[in-house]
Amino acid sequence: MDFFFYPSSVAVFGSFKKGAIAYEILRNIVEGGFEGEIIPVNPKGGTVKISGRTFQIREQLDEPVDSAIIAIPAKFVPALIDEIGPLIKGAVVISAGFSEVGNEELERELLEKAKKHGVRVIGPNCAGIFGVHGKFFGSFEVRVKPGGLALISQSGAFGGAALAMGNDEGIGFSAFVSYGNAADLNESDFLEYFADDENTKAIALYIEGVKDGRRFLKALRYASTKKPVIILKAGKSASGAKAAASHTGSLAGSYEIYRAAFRQAGAIEVEEMEELFDAAKAFEMYTRAGKRVAVITNSGGPGVLATDKLERLGLEMVRLSDETIEELRSFLPPQCSVKNPIDLIADADYERYRRTIEVVCGDKNVDSLLVICVPPIFIPSEEIAKAVIEAECDKPVIVNFMAGDLVREGVRLLEEHGIKNFPTPERAARALSWLARH
């Protein structure tokens, strides 16, 4: 499916008036820096200006391209696929008005025309796709920065919100696909594709339901053996399942069956959007972590909250070795607690954090570290961020700097060095639990 996510040429079909969906997709492709050929197509012809570039709108497609993005009224889509089929490898059908509104016959016709020409279809009723490392933003959703997360979403609106949230959370993406009604390609195809995509480090999947459970389980198992797969399942309740059926025409089915399938395949199920991104952030940094955790903090309260959450999640607050405790006592002020959680007290500076991280990291009983910082106004958060960055430690270090403006510069510095911040002790603890489960 490289012709979708790493295309060398693309045609966009629809209206190119400002504000129209095809116009917005074309603008995203151009402003995203796509380096391949871009062909806008509309029977009325004319020109369209975008970001200082003027494109001739062709009245029809008259040369081969990798992919077509189609945003025209649903009733015209099958005929268009039949017309351009010999010239394209894949079609992303944005248009709605198919099986999700009971129009199964039109969707069948679309699929027949595509199969006739060997064209693969994403959609219909979808929000488009991103191939971020190919600088290809074939969607009207907000653009994202390159990274390791591939987001597969049955819902276009959820996908768009998730991309925007991902930007706020400092997530980097390898790809995004909204697959809508899944008339042809579905979640199983994308799981298998991204499992083998070298730019993808983790896969996040939002699903309401699947049409072929056996195939899905096989694809999920395959992907989970290659990289972390994080799943957010909607339609768990009876009312939610009904809503899912009317949304994308898919069968949500019994949640217990889905949950068992996720566990069997080795996927990681999360309960809400916030958790999906916390898991994605953790897996962008590390592939796994052991269960024995040491907590380093400059504030007792957050240290206790982290301890409570870690133990509730089945992780172990490790007992530090006598040698580690002795070494910590040799340089920490006497009022500091050297038992786990290690409390460096409020005036902890760069040196105190850096040395403590290094000493604790060297303890053979410790699998991973959770470092908490609530900086007083007289110690800049960047100073502690620098300590985390420069400390020599070869074990997973999860960080919780809080809160707001007090830590903004420190968090920015951490992110510049590939270290993601988790804004509460509980979210940081949860990140470690996902790494341990994987």
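Is Cys373 buried or exposed? Select Cys373: its relative accessible area is 0%, so the residue is buried (under 20%; exposed is over 50%, partly exposed in between, with a 1.4 Å probe and protein chains only). Cys373 is in no disulfide (a pair of cysteine sulfur atoms within 2.5 Å), and the nearest cysteine sulfur, in Cys336, is 14 Å away.

This is a predicted model, in which local features need pLDDT of at least 70 and side-chain atom pairs pLDDT 80 or more, while totals for chains, interfaces and linings use all residues. Residues are numbered from 1 along each chain as its sequence is written, and side-chain values use heavy atoms, without hydrogens and water.

Next, select Cys361 and Cys393, which form a disulfide with sulfur atoms 2.1 Å apart. The torsion about their S-S bond is about 85°, so the disulfide is right-handed. Cys361 lies in helix H13 (residues 350-361) and Cys393 in the loop between helix H14 (381-390) and strand S19 (397-401), so the pair ties together parts 32 residues apart in sequence. Helices (H or I, at least four residues) and strands (E, at least two) are DSSP runs, numbered from the N terminus. Cys361 is buried at 5% relative accessible area; Cys393, at 25%, is partly exposed.

Then show helices H5 (residues 156-169) and H10 (residues 273-285). In H5, Phe158, Ala161, Ala162, Met165, Gly166 and Glu169 meet Met273, Glu274, Phe277 and Lys281 in H10, contact being heavy atoms within 4.5 Å. These residues divide into six nonpolar, one polar and three charged; Ala, Val, Leu, Ile, Met, Phe, Trp, Tyr, Cys and Pro count as nonpolar, Asp, Glu, Lys and Arg as charged, and the others, Gly among them, as polar.
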